[in-house]
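Colleague: I'm new to this one, could you walk me through it?
Modeller: Gladly, have a look at it first and then ask away.

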Amino acid sequence: MSDRLLKLTLQVWRQKGPNEPGHFERYTCDTVSEHMSFLEMLDVVNEGLLVQGKDPIAFDHDCREGICGACGMVINGVAHGPRAATTTCQLHMRHFKDGDQIVIEPWRASAFPVWKDLVVDRSAFDRIIQAGGYVSVRTGSAPDANETAVPKTDAELALDAASCIGCGACVAACPNASASLFTAAKVAHLGLLPQGQAERQQRVLQMVAQMDAEGFGHCTNHNECEAVCPKQISVRFIARMNRDFLRALLTADEPSRLRRKPA
Amino acid sequence: MKPLHSHAPSGPLESRWEQHRFGIKLVNPANRRKYEIIVVGTGLAGAAAAASLGELGYRVQAFCFQDSARRAHSIAAQGGINAAKNYQNDGDSVFRLFYDTIKGGDFRSRESNVYRLAELSVNIIDQATAQGIPFAREYGGQLANRSFGGAQVSRTFYARGQTGQQLLLGAYQALSRQIEAGQVKMHPRTEMLDLIVVAGRARGIVTRDLISGEIRAWLADAVVLATGGYGNVFYLSTNAKGCNTTAIWRAYKRGAFFANPCFTQIHPTCIPVAGDYQSKLTLMSESLRNDGRVWVPLRAEDCERTPSEIPESARDYYLERRYPSFGNLVPRDIASRRAKDVCDDGRGVGPSVGGARRGVYLDFRDAIERLGKDAIVQRYGNLFDMYERITGENPYQVPMRMYPASHYTMGGLWVDYNLMSTIEGLFVAGEANFSDHGANRLGASALMQGLADGYFVLPYTLGNYLARVSAGELTTDHPEVRAVLAEVRGRLDRLLSIGGSTSPDSFHRELGRLMWDQCGMSRNQQGLARALDAIPRLRERFWQDLKLVGSGSELNQALELAGRVADFLELGELMCRDAQTREESCGCHFREEHATAEGEAERDDEHFTHVAAWEYNGDGAAPLRHTEELAFEFVKPSTRSYK
């Protein structure tokens, strides 16, 4: 295992708070091991800033194994950086060259206001799930798990959709800042399974209404979301959501339950 | 020493939980809305509890430090969840799962609790399936199972390598439904910094809003801590970076006993440390040991050679050699210790970090020859991709390198059969309590325990407690509440005003190295004494030389970390003390003085068939050690043998 050291120049978005103006700050680091993860590289920069008495760069992160969905930054214009199917925490410095300049920005979308530096408020995603992204089943009231057979292919496809980690890269990559891929993934996951059928119509109507209320844009088929999705969730789920939405609009028995909450 | 009452029922094992539930007091549905419950942590245990309690009609305030409840570290569990469904008709039963869990825990857990866990396992699968968890299925549409961690029956349910994620999203969605219904109020990015105890009862918590820095008190009729384990005391672990001990440590300092803190599980198959900058370790599913062969070179001189050039005769397949019947599938603790042995012996492989090579090969060459590459891609494709992403090496061509890492903590706050701690009204669920795994947790049992506690135990036992107390009647101007608020503020101010030169991360690394060396996979009297001498000095240095910038009234991630490190610096000492007094080897706790000539663990049932529960006795004073004797009525303790 070789250990190449890189010298890098970073241009990092710094912003003190939601209502403060932001700007790019330049940092150089010359001892970046190629085996470091992108976040470990930032840890080293932050350690240096802290001991110099300067405010470290704030960024969200937690599991650092690509599953919690906490981390995410736009790296050289691409959400989660240059590697396909890779979260920021799983991106390693061996994919950069000595002397590279790296521009680091937060997710940019009006529905994701910046809290500080690279940390954004993604609570809109939680509210979309609260609007209907579940099966209403009381604890303790479930029938035996094998009572309903689920075709293997349906379960697999549902899991493809359910793999969404809620990181928000899809929104950051979309020219419309649309949350269609995120919303569609949950609509499809539950809509593909027998357990999700009872609330299927109401679910899609409510979740889409909430997505609109949060200020996310609409899908105009750029497919940028799929390209950056670290879990490679397919835009076909958006088509599926649109079909479900139309069907529900035309046939829902309880349109009164469709309501919007302000973001 | 005062005895601890587990309140575990007696009588026939299989009817204990039912009997107990019948004896439980109920809260009238119309009265439930008068009671307020605080749930801290939104992993499997916390989210399941908050959702189920909200659904029953209680008013729930839920807290997590992450930006969303969906990101709790339960999400990272890969392998699966055990349940005694016996869908495979291969001889599984509730009793067998109970037996395996008791034995796997090396006879250091309560029979009543473990049996209840095995019993509830079947309900969990039903509940999760009804929520729409896309578990793996057979072509006929039935649920699929696999054998996991050396179990002789196939009782593990799974969703590819992301079972934890799917189960957590199920619980998160159930929680979201209650938030929408107004039953649960969710507070993300809010960290619990202390517990409020009034007249012996847990009555609330003090939190810091991680965005605004606001410190405030929340009052309730009962508090549930579901805040996970403390594996990050080792700095490097498979835990998420944010995992910490603060909630349970603060509760300990307010009077909750801490049980078996030295019982920490080290997982044998993690990607080794690559450099000093390493921030965390990544676990590779132990299913890899089903087909991979573990080896190191026979001679230290060969350690730098390209593995493919090392001939068969110069390789030491040490697990197969020492344990012919279990081979590479020996339990986690044994696989971990043997890896340490060969590396201590100078035969480790991979890069040298800090002067030592710490890694062993996990080689799929033979499996690829035998089954073909396609079969290996099918079975382990995603894991191989993950390995390559992190190391830059292709495991289809070069053997993987593995080394053990801190993964799970069996120890935690002491709880009785009702999951109530030694503080009235303080309940502890999931990894944060000590209850079900004894000295060693079996694979695919953590998800089971978290969900059993949250969905099926707390909704009953917490109600039983509330039925005995009257609701409300406390305000934030109570002197006790004001005192805790002042303490929390004072502590943060103190951290911010030290004005030293060393970052919280540096202190954490130093503590981690110390704990890993002296209280990790293998412990001895001398090393523990050294650690017990070094930790207080490190702590002193921390409080004199910590460097922070900014203030407490803003998003300040270094301040958050500093508070957590300060608590780890205290917990580490208790762990060493516990390891020192437990003069036996059991499960994951291996004391070098208590081993056979061949280096296998030697349990001392005569003197240590008990839970050690520590009581805080003031800063600077030695904590008090209480014991809860463990009785084995249904399973006779035997020696684990994997030869």
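Colleague: How far does helix 13 of chain B reach from its first C-alpha to its last?
Modeller: In this predicted model, helix 13 of chain B (residues 479-497) has 19 residues and reaches 26 Å, close to the 27 Å expected at 1.5 Å a residue, where the expected span is 1.5 Å times one less than the number of residues. Helices are DSSP runs of H or I with at least four residues, strands are runs of E with at least two, and both are numbered from the N terminus. Residues are numbered from 1 along each chain as its sequence is written, while chains are lettered from A and ligands numbered from 1 in the order in which they are written. As the model is predicted, local features need pLDDT of at least 70 and side-chain atom pairs count only at pLDDT 80 or more, whereas totals for chains, interfaces and linings use all residues.

Colleague: Which residues of helix 13 of chain B are buried?
Modeller: They are V481(B), V484(B), V488(B), L492(B) and L495(B); buried means that 20 or more other C-beta atoms lie within 10 Å of the residue's own, exposed means 12 or fewer, and partly exposed is in between, with C-beta atoms placed from the backbone.

Colleague: Why are they on the same side of helix 13 of chain B?
Modeller: Because they cover an arc of only 70° around the axis, the arc being that of the directions from the helix axis to the C-beta atoms. An α-helix has 3.6 residues a turn, so residues three or four places apart point the same way. On the other side of helix 13 of chain B there are exposed residues, including R482(B), D493(B) and R494(B).

Colleague: And what covers the buried residues of helix 13 of chain B?
Modeller: The cover includes strand 6 (190-198), strand 7 (201-209), strand 8 (215-219) and helix 16 of chain B. After helix 13 of chain B comes G499(B), whose phi is positive, near 65°.

Colleague: Switching to the largest nonpolar core, which residues touch the most other members?
Modeller: Of its 282 residues, those are I37(B), V224(B), L225(B), L413(B) and L426(B), a nonpolar core being a set of buried Ala, Val, Leu, Ile, Met, Phe, Trp, Tyr and Cys residues joined through C-beta atoms within 7 Å. Leaving aside neighbours within four places in sequence, L426(B) is in contact (C-beta atoms, placed from the backbone, within 7 Å) with residues including L195(B), V223(B) and L225(B).

Colleague: Is strand 11 of chain B mostly covered or mostly exposed?
Modeller: Strand 11 of chain B (residues 264-270) is mostly covered, with seven of its seven residues buried. Strand 11 of chain B pairs with strand 17 (residues 400-409) of chain B in the antiparallel sense over five bridges, where pairing requires DSSP to find at least two bridges between two strands. In that pair, H267(B) stands opposite A405(B).

Colleague: What strand order does the open sheet in chain A have?
Modeller: Its five strands come in the order 2-1-5-3-4, with mixed pairing, and the edge strands, each pairing on one side only, are strand 2 (23-33) and strand 4 (78-79) of chain A.

Colleague: How many residues does each chain bring to the contact?
Modeller: Chain B brings 65 residues and chain A brings 68 residues. Helix 6 of chain B gives the most to the side of chain B that touches chain A, with nine residues.

Conventions: Contact = placed C-beta atoms within 7 Å.
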